[in-house]
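Here are my notes for your read-through. Please keep the structure open beside them.

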Amino acid sequence: MDIETLTNHVAGMGKIYFDNACKIVLKDVFGLNAINVDGKSDGGTDFSSFLSSGERLNVGYQITTQKTDIQNKAYRDAKKAIEKLGVQRYYFFATYNLTEIETRIIENDISSALGIQAVCLSPRNIAGLILESGLLNRLLDESNYPLPRDYTPSYDYKEMALHSYTLLSDDAMKMKNNIYDDTILFVLSGKERYNEDSLVVKVKEFLGLNDAKLDAIKRRIGALFGKSKLVRSTDGCVELHPSSQKELQLRKDVYSVELASISSSQVDLMVNDFDCAWTEDDSKKVALWIANISVYDQLNALKEAKASIVSNPLFQIAQNGEDKLRDFLVKEKKIKYKDVSKVVEKLLDNASNHPLINKIARASIYLALEGSNPISSAKALGANRWSDFKILVEPTIAIPYICSSLYKGSVNRYFDLSIKSLGQALELGVGLYIPYFYISECAGHLLRARKYNGLEFSEDELAYSSNAFVANYFALKSKGAKVPNSFMDYLSSFSANIITERSDIKSWVRAIMIDIQSILGRSKVQFIDVPFYNPGDCKDFEMEYTYHLSELGIDKKHNLISHDIYALQFVNDRIINNHEHWIVLTYDTAMISVSKSKLFQGWIANPIKFLDFAEVTKPLGEARLISLVHSFATFSEKTLAVGARIIDRVIAYAAPEMQNWEFKRDIDIFKTEVIESINLEKIERFEEIDIKTDEFLKKHGIKVVKEESELMDD
């Protein structure tokens, strides 16, 4: 179990479960023998601690599952424990997910005001201690906490809406696409030359992405060719179009101007107000932290909506915000501790609305979403965690996985991603299931592979056979992997029943099915019973599926069509009738197409899409993070500050009109015209944008009247 999953569990625990979790931490991590004494006369502590001799230790422990007024409760209980029990050390455990800053404030308040050592632990701290100490099974056993597949979730729909919006919305997708586009242009702006494949790899490495994102990057390269941002040289390399080169130079110039403006004001502030040396490099460092503080302050409003949002990737931004800035000011710039809050406040006031900070905030949000944790992506799909899901494995995924259970090695990208997707699912605690008719299809593929035995074909060509068993053997053989010398020996390693020919094909397939199911079972893909469907039981899905086959121009055998229809009906019934969460994993384009209709209530995905959601991305180091966001800021589309300025002004005067699609269309056209005509290097650029926007509004019959607060800003 990963730390995000356990943090999510701990944050949602009731008092009994949380009591047990805290006792395990106290005893097995801190070596304190704690006895629960919670009650009316507990003296401000829920636990008493004793030595093996029976002597009481002067240590107090308090736990709370309340979600408000945490800081005051911790202080009051600590004071009460000192007065009644004379404790000299105090531990405070909370199910509310406090930030590191909040925990340090609580500890500091108790220690400085009451003169005792204080330790404050929130769910993430408790989860980390349990996992690092190897105590997860102990927690599950001794606390009797429900294991993932026995857990019946209670949903917070506000939370699910948040996760869905931040990961699945058009806004989030557009932002990711813009980042990919900017990075492609950034990579090509250097001196090295790339063909398309090497460019894709370079962009992937620069952004720290996994292989599941390669297709997305390729699509963005294609889109940039379509927008005439890229051209292909005579030797096949990808190059910037001359207009793109000119635009990138403008972006660099704008970045230099923006960085210089923020640096000069910060130098003036730090030298004159705080007698502290300050450089442009210092400004580049703190820009990320200032941007993250601004984002985090806005996100805090969501906490007030009482949505349980401890695992959303956006809240990781807090870890790169105020605490990092404070640490930098104290340790590197030698600011006195008593002045730190004032310096932070001044820096924020000086820079929070600066265009450069806006661009860096955009990059930081992208990195948070791209590195989303598995809990967040599961919530975006409507479940509390991935272990609430079940996956139905279709043969295009099952056969590569069967092959991988006996033979290791890379075959091709789609084959490898099938294997990786099921491995990732198991790592996240997702149950894998396969019905009898799909096992039959796998056995049938193995039997058909027998026809290739002894035939004279190019082995290099057979590595690309549509039969996955055939492709696996010859691909691995061509790469020098360890496989049997003869093709028949290879096939018989999956089932000895393949060797002796039988006249009754159906009984032959059933004999092979036994061996295939055994391999799948050992590889943690479980057989699942599917009801017997009479003709007409699945008529809605039959009509829908055959329609999509026809639209896609796919010709498929009748029995295979029936299998897919049964799978769709079965999964849909389990979702609706049993309130279960199901995913069908497949490369079948017709099934994926059906899933987009209103008839089907689950999610059908190929391994690329699944991994895009379920794969955990490692967080970037601090130096890499700062470097990356400034690269994004340098190459951020010049539309960002201009577009935001226009939208802000339009909303101020014409918010109701934003529901009118014609008006929204006209705004998009207007934004494009302004962006192409405005000179971003001009000092009065924002004044010019405002004048043009006001003219646009007047043309649409909207009266522009300055509010009193706006007049004061002038």
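Predicted model: local features only at pLDDT ≥ 70, side-chain atom pairs only at ≥ 80, totals over all residues.

The points below go from the whole chain to single residues.

1. The protein chain holds 32 helices and 12 strands. Of its 714 residues, 49% are buried. The chain exposes about 34,800 Å². Carbon and sulfur atoms supply 50% of that area.

2. The five-stranded sheet. In which order do the strands of the open sheet run? The order is β10-β9-β8-β11-β12, and the pairing is parallel. β10 (525-527) and β12 (603-605) stand at the edges. Each has a single partner strand, so one side of each lacks a neighbour in the sheet. Neighbouring strands are turned by 35° against each other on average, direction ignored.

3. The β8-β9 pair. Strand β8 covers residues 389-393 and strand β9 covers residues 431-434. Three bridges join these parallel strands. Within the pair, L392 stands opposite Y433 of β9. Helix α19 (residues 436-449) packs on the sheet and touches β8, β9 and β10. The direction of α19 makes about 70° with that of β9.

4. Helix α18. This helix runs over residues 413-427. Does its length agree or disagree with what 1.5 Å a residue should give? Its 15 residues should span 21 Å, and the end C-alpha atoms are 21 Å apart, so the two agree. The buried residues of α18 are F415, L417, S418, S421, L422, Q424 and A425. After α18 comes G429, with a positive phi near 85°.

5. Strand β4 (residues 89-94) pairs with β5 in the parallel sense, over five bridges. R89 stands opposite Q117 of β5. From β4 the chain crosses through helix α4 (residues 100-114) to β5. Is this β-α-β crossover right-handed or left-handed? The crossover is right-handed. Strand β5 spans residues 117-121. Four of its five residues are buried, so β5 is largely enclosed by the rest of the structure.

6. Helix α5. This helix covers residues 123-132. P123, N125, I126, A127, G128 and I130 are buried in α5. G134 follows α5, and its phi is positive, near 65°.

7. Positive phi at D275. D275 is not a glycine, yet its phi is positive, about 50°. Where does D275 lie? The residue sits in the loop between α11 (242-274) and α12 (280-304). Its relative accessible area is 73%, so D275 counts as exposed, the cut-off being over 50%.

8. Positive phi at K334. This is another residue other than glycine with a positive phi: the K334 value is near 60°. K334 is placed in the loop between α13 (322-331) and α14 (340-351). Is K334 buried or exposed? At 64% relative accessibility, K334 counts as exposed.

Technical notes: Residues numbered from 1 in each chain as written. Heavy atoms only, no water. Buried < 20%, exposed > 50% of the residue type's maximum accessible area, 1.4 Å probe, protein only. Helix = DSSP H or I, 4+ residues; strand = E, 2+ residues; numbered from the N terminus. Pairing = 2+ DSSP bridges. Axes fitted to C-alpha atoms, helices over the stretch in contact; angles between N-to-C directions. Contact = heavy atoms within 4.5 Å. Expected span 1.5 Å × (residues − 1). Right-handed = clockwise from strand over helix to strand, strands pointing away. Areas by Shrake-Rupley, 256 points an atom, 1.4 Å probe, with all protein chains shown as cover.
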